[in-house]
Amino acid sequence: MSNLQQKAWLPDLIYADGRFQSGLALICDDAGEIVRLEPAKQGDQSFALKNRAALPGMVNAHSHAFQRVLRGRTEHRTTNQTDSFWTWREMMYSAAS
């Protein structure tokens, strides 16, 4: 891939190798994927990001699996025909623990 198709993003700081560093550029391809870090230099395809720091993205480990368990264990009525919010609440806390 030629350098003409790549863009250099120049934040003031980049978090790399366990610390914040200045003087580095994020080199990205046309798809926006980071292909490498290199010493920063101004050019036709460079974009200064003044007063900015670049950090690695966070992994999204967020899940709603527990809600599926709660729904499966608490959506049906008990054998008690006088179910209420409070009987549901007791079943919900029982499933949560």
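Let's start with the surface: the protein chain exposes about 7,800 Å², and carbon and sulfur atoms supply 54% of that area. Please keep in mind that this is a predicted model.

How much of the chain is buried? Of its 97 residues, 22% are buried.

Now the fold. You'll find 5 strands and 2 helices in the protein chain. Walking along the sequence, the order is β-β-β-β-β-α-α. As for contacts, take those between residues at least 6 apart in sequence: 40% of them join residues at least 24 apart.

On to the aromatic side chains, with 3 aromatic pairs in the structure. One of them is formed by tryptophan 9 and phenylalanine 47, a stacked pair at 4.7 Å centre to centre with 25° between the planes. Where do these two partners sit? Tryptophan 9 belongs to strand β1, residues 7-16, while phenylalanine 47 belongs to strand β5, residues 46-54. That puts the partners 38 residues apart, so the pair links distant parts of the chain.

Next, phenylalanine 85 and tryptophan 86. Their ring centres are 4.9 Å apart and their planes are at 80°, which makes this pair edge-to-face. Why edge-to-face? Because planes over 60 degrees apart count that way, and here the planes are at 80°. Phenylalanine 85, at 46% relative accessibility, is partly exposed, whereas tryptophan 86, at 53%, counts as exposed, because the cut-off for exposed is over 50%.

Happy to turn the model around on screen if anyone wants another look!

Notes
Residues are numbered from 1 along each chain as its sequence is written. This is a predicted model: local features need pLDDT of at least 70, side-chain atom pairs count only at pLDDT 80 or more; totals for chains, interfaces and linings use all residues. Side-chain values use heavy atoms; hydrogens and water are left out. Helices (H or I, at least four residues) and strands (E, at least two) are DSSP runs, numbered from the N terminus. Buried means under 20% relative accessible area, exposed over 50%, partly exposed in between (1.4 Å probe, protein chains only). Contact means heavy atoms within 4.5 Å. Accessible areas come from the Shrake-Rupley method with a 1.4 Å probe; for residues, only the protein chains shown count as cover. Rings of Phe, Tyr and Trp (its six-membered ring) pair if their centres lie within 6.5 Å; planes under 30 degrees apart count as stacked, over 60 as edge-to-face and the rest as tilted.
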